Amino acid sequence: MEPIRNVCVYCGSSVGTDPRFADAADALGRALAEADIGLVFGGGGDGLMGRLARATLAAGGRVTGIIPKFLVAREHALVGAQELVVVDSMHQRKQLMFDRADAFIALPGGVGTLEELVEQLTWVQLQRHRKPVLLADIDGFWRPLLALFAHMRNLGFVREQFEVRYLVAEKIEDALPMLSAAARRLAAPAA
């Protein structure tokens, strides 16, 4: 695997009730820009999506938004992004986000964020790709999902040979170093 050039971030079109979620989105945007890693995101200007993208832009970073036509007005597409790609469907959006990304981060979000995250985890599990996937567990947001994964394993629904591989960062400053380390491990020749 080559070095990480672009990270796809899944996150809410709402900011949520905990101000730490918005702070995390701002911090991640700055970190991406400082590391010269491009942001690929859902294209919306609202919620954590908008906070993340604006923070990336404000710090001099590169932003690519990908949004389906039917969400342009509803999620207030972020026209300030260097690239805003408007597609016909959610399926096209998700495929293009995947194609443009070298790694994935899930910030807090709703059902859409969960669905996008779980799809990437499934693809990793089925060996359809080897791109690192990281859950930014801000204030324990993803702990119920992590408990569910453990529950699935314990009841035999996630078999050892099909383990779900992901990274968990409790602090935003750990996210990009963890992704980079994972990418280096994946790039290393097998011993």
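Trainee: To start with, how many helices and strands are there in the protein chain?

Mentor: Keep in mind that this is a predicted model. The protein chain has six helices and seven strands. Read from the N terminus, the order is β-α-β-α-β-β-α-β-α-β-α-β-α.

Trainee: How do you know what radius of gyration a compact globule with 191 residues would have, and what does the protein chain have?

Mentor: The rule is 2.2 Å times the number of residues to the power 0.38. For 191 residues that puts a compact globule near 16 Å, and the protein chain has 16 Å, so the two agree. Along the principal axes, the C-alpha atoms fill a box of roughly 45 × 35 × 35 Å. As for burial, 48% of the 191 residues count as buried.

Trainee: What share of the contacts between residues at least 6 apart in sequence joins residues at least 24 apart?

Mentor: That share is 70% in the protein chain.

Trainee: Now helix α4. How do you know what span is expected for it, and what does it reach?

Mentor: You take 1.5 Å times one less than the number of residues. α4 covers residues 111-125, which is 15 residues, and the expected span is 21 Å. From first C-alpha to last, α4 reaches 21 Å, close to that expectation.

Trainee: Which residues of α4 are buried?

Mentor: Those are Thr113, Glu116, Leu117, Gln120, Leu121, Val124 and Gln125. To be called buried, a residue has to be under 20% relative accessible area. As for the spacing, an α-helix has 3.6 residues a turn, so residues three or four places apart point the same way.

Trainee: And what covers the buried residues of α4?

Mentor: The cover includes the strands β1 (6-10), β5 (103-106) and β6 (133-136), along with the helices α3 (90-100) and α5 (143-154). After α4 comes Gln127, with a positive phi near 60°.

Trainee: Where is Asp36, and what makes it exposed or buried?

Mentor: Asp36 is in the loop between α1 (19-34) and β2 (38-41). Its relative accessible area is 55%, and the cut-off for exposed is over 50%, so Asp36 is exposed. Its phi is positive too, near 60°, in a residue other than glycine.

Definitions and conventions: Residues numbered from 1 in each chain as written. Predicted model: local features only at pLDDT ≥ 70, side-chain atom pairs only at ≥ 80, totals over all residues. Heavy atoms only, no water. Helix = DSSP H or I, 4+ residues; strand = E, 2+ residues; numbered from the N terminus. Buried < 20%, exposed > 50% of the residue type's maximum accessible area, 1.4 Å probe, protein only. Contact = heavy atoms within 4.5 Å.
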